[in-house]
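Visitor: I'd like to learn how to read this model, feature by feature. Could you walk me through it?

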Amino acid sequence: MTVTVAALGFPRIGPQRRLKTALEAHWAGRLDAEGLQTEAATLRALAWRRQAHLGVDHVPSNDFSLYDHVLDTAAMVGAVPAAYGWTGGPVDLPLYFAMARGTQGRQACDHGCAHETSATGLPALEMTKWFDTNYHYLAPELSPGQAFALTSTKVVDDFLEAKAQGIFTRPVILGPVTFLKLAKSKDSNPNGDSQPLSLLSSLLPVYAEVLRRLAQAGADWVQIDEPCLALDLTDFERAEIRRAYGALTHAAPRIRILLASYFGTYGDNLATAANLPVDGLHLDLVRAPQDLDAAVALARDSLVLELGVVDGRNVWRADLTAILDRVEPIVAARGPDRVILAPSCSLLHAPLDLAIETDLDPEVSQWLAFAVQKLEELAILAKALNQGRAAVRAELDAAGAAVAWRKTSPRIHDPAVQARAAAVTADDAIRATPFEQRIVLQQTRLNLPPLPTTTIGSFPQTAAVRQTRAAHAKGQLADADYADFLRAETARAVAWQQEIGLDVLVHGEFERNDMVQYFGERLNGFVFTRHAWVQSYGSRCVRPPILYGDVSRPAPMTVEWWAYAQSLTARPMKGMLTGPVTILQWSFVRDDIPRGETCRQIALAVRDEVVDLEAAGAAIIQIDEAALREGLPLRRGDWDAYLAWAVEAFRIAASGVRDETQIHTHMCYSEFNDIIAAIGAMDADVISIETARSKMELLDAFEAYAYPAQIGPGVYDIHAPRSPASGEMLDLLAKAGQRLSPAQLWVNPDCGLKTRKWEEVEPALANMVAAAKAAREQL
Ligand code: GLN
Ligand code: ZN
């Protein structure tokens, strides 16, 4: 009778991103299917052995995936859209990758925003963020009368594979209700609103069959993930969950089901979850510490509670003593065999191993724990609960010392930053005069034609740009030579923009590795790792900066590049910055103060840069907030609070300038309907958005809201390699003109052009300028 440890899921990309290497070699034709499967099996074996070795009792299997676990689930139940020409039978590797990437491969944008290329061939399934993480899943596509069948035995195969290696695993399956809620229903009716959840009855027999097969294979516990329980659900959806688990427990009585939700509180779904006929319930006690008392009050005695006490999706070392204080009474009351310890969610979202970060700042490193370290923490906690705290005294003391140090370290706590953030007043977040007056002053200064043309900021990051940056980073290229190279690239881009007749120019962002990292590297309060990769989707991994302390800007970050670019032209050169919410969203963020407070500190640092750009002469400054929408909380009830601080942060960043300085912002891949009031409240003078693929339908929200300021709806879909003709762009402009006043409109692409080639960009932008000129004639 002991407290045991579970992992929920482990990083699947493997050491040194080995899965990425293998996948890309396979897609490039350099590694055959067998070679890929062999490497995948090696990575699974490594992960299982490692977790077992670290003291995990419930080692997960089937958490590994060649691309995505939601796609795996679609493959398991035969949810293959008709377009792929599949006629039944097992889903093989070519079909699997066709659904994942389309038959032409995927085009990556920033931070995993990726879109299927549309040229020819089959498109990939749509990709969407997994709850509020930066991981992307492939949305299953279901038809109204969708039939399901067991078409992949991966979950059973993986269980048996581990068993053959002497490791008895707890298989992980994405639950049927969450699977259906994440699915898109493709209807013949264009406004099709048929509910994928109505397919539950046909789906359940497949899940029942999976559980029966796992029972035959000898499985004991099975982890079924239903993170939809962290969302707002209807009574009907809750009833369907009860029906589903009634049916599944009945179908496989020998299997013990551990039901897992994470990323937020069960909230009003807790009574449903705690009363399901399952054997165990996972609680995310990092995001929802309040769920513990509530669950204890509701749970029958026999229900095993799995306590997610260590943050599975952030990088901080846990306060082990505080956790023990909380958990010991639960163990005493329920008995050790009714308690499992776990990370708050799958460790898929954490980097693999801190021990390989040899270059990391040693002080900051003391405060961190990656996936491996988190499992070590859980093992220490279990030992303390099973054998008494004295058995792990040294480990508890070390953890306690790190926690205490983090509370007081001057590296983290900068009184000047805190005082400045505390002193922010409403005036700091408001422009001196309203938009209607500012825009007149700005127009007098800028003297732009109607329908002014511009781009979003970046120009192609060619192989030459990337190689030169890499050579410089490795010390093979002197600083001065690197700067010369960047100046030449910038000068070329500026001259070319002028030549094709763009009205507002950009410097091209050649000096930036990444729109967040570039700023993080120049701000106090951030560190960067060498190996802390996390999967964004498929083979794509990101290495988010770690924001560990109070943020401030020691020196200007972009002014020199802006001034150089502006010196080359008489046309306005946009200052180009990443906004506070986007920097926050795409970093690992400290957990010792609220996110909103950290965001305000970043906002003040960005404000300093905005003010310096203005002082240097910039007439237009763009503050990108690509991630504003994806920061929305999972529950509607929490949206207003988030939007209040997020919008305030943008306004703090933007409001240090004079009226005649024009503030732009940019947002990509967004739906705007439900946040249009917040966008209005940002009070930018100009916003550019991604609209080309929606044929301007995304502008409906702006029309309905009577958005007062100026808008650049993207007329060029930059995610596809093709260059649109000017007629196409003219049509899109006409569509935009039906929704908004032409006096409000700018002409620009959907997003930055860094992933494109110059051969694509050159004709596309020339055509765009031609389209704007033609549209002006028609005004
Ligand atoms: N200025 C950035 C660029 O052009 C904006 C990118 C983004 O918002 N995703 O690359
Ligand atoms: Zn964008």
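Guide: Strands (E, at least two residues) and helices (H or I, at least four) are DSSP runs numbered from the N terminus. This is a predicted model, where local features need pLDDT of at least 70, side-chain atom pairs count only at pLDDT 80 or more, and totals for chains, interfaces and linings use all residues. Residues are numbered from 1 along each chain as its sequence is written, while chains are lettered from A and ligands numbered from 1 in the order in which they are written.

Visitor: What is the mean pLDDT of the protein?

Guide: pLDDT is the predictor's confidence in each residue, from 0 to 100. Here the mean is 95, and 97% of the residues reach 70 or more. The scores for the model are ipTM 0.99 and pTM 0.96.

Visitor: Back to Asp 624: is this residue buried or exposed?

Guide: Count the C-beta atoms, placed from the backbone, within 10 Å of the residue's own: 20 or more others is buried, 12 or fewer is exposed, and in between is partly exposed. Asp 624 is buried, because 26 other C-beta atoms lie within 10 Å.

Visitor: And which residues does Asp 624 touch?

Guide: Contact is defined as C-beta atoms, placed from the backbone, within 7 Å. Leaving out residues up to four places away in sequence, Asp 624 touches Met 515, Leu 577, Thr 578, Gly 579, Thr 582, Thr 665 and His 666.

Visitor: Which residues does the UniProt annotation "binding site" cover?

Guide: The unreviewed UniProt entry lists Ile 456, Gly 457, Ser 458, Glu 509 and Asp 624. Such positions are given in the numbering used here, with feature names shortened, and annotations may be inferred rather than shown by experiment. Those residues span 169 residues in sequence, yet no two of their C-alpha atoms are more than 13.0 Å apart, so they gather at one spot.

Visitor: Where is Glu 509?

Guide: Look in the loop between helix H18 (479-500) and helix H19 (517-520). Glu 509 is buried, because 25 other C-beta atoms lie within 10 Å. Setting aside neighbours within four places in sequence, Glu 509 contacts Gly 457, Ser 458, Met 576 and Lys 754.

Visitor: What is the order of strands in the open sheet of five?

Guide: Strands of a sheet pair through backbone hydrogen bonds, either parallel or antiparallel. Pairing takes at least two DSSP bridges between two strands. This open sheet runs E19-E21-E22-E23-E24, with parallel pairing. Its edge strands, E19 (574-578) and E24 (710-713), each pair on one side only. Strand E23 (residues 686-689) joins E24 through four bridges, and Ile 687 has Ile 711 in E24 as its bridge partner.

Visitor: How many residues of strand E14 are buried?

Guide: In a regular strand the side chains alternate between the two faces of the sheet. In E14 (residues 339-343), five of the five residues are buried: Val 339, Leu 341 and Pro 343 on one side, Ile 340 and Ala 342 on the other.

Visitor: Which strands pair with E14?

Guide: Strand E1 (residues 4-5) pairs with E14 in the parallel sense over two bridges, with Val 5 partnering Leu 341. Strand E13 (residues 304-310) also pairs in parallel with E14, over five bridges, and Val 310 stands opposite Pro 343.

Visitor: And for contrast, what about helix H17?

Guide: Helix H17 (residues 463-473) is hardly covered: among its eleven residues, the count of buried ones is one. Just after H17, Gly 475 takes a positive phi of about 85°.

Methods
Contact = placed C-beta atoms within 7 Å.
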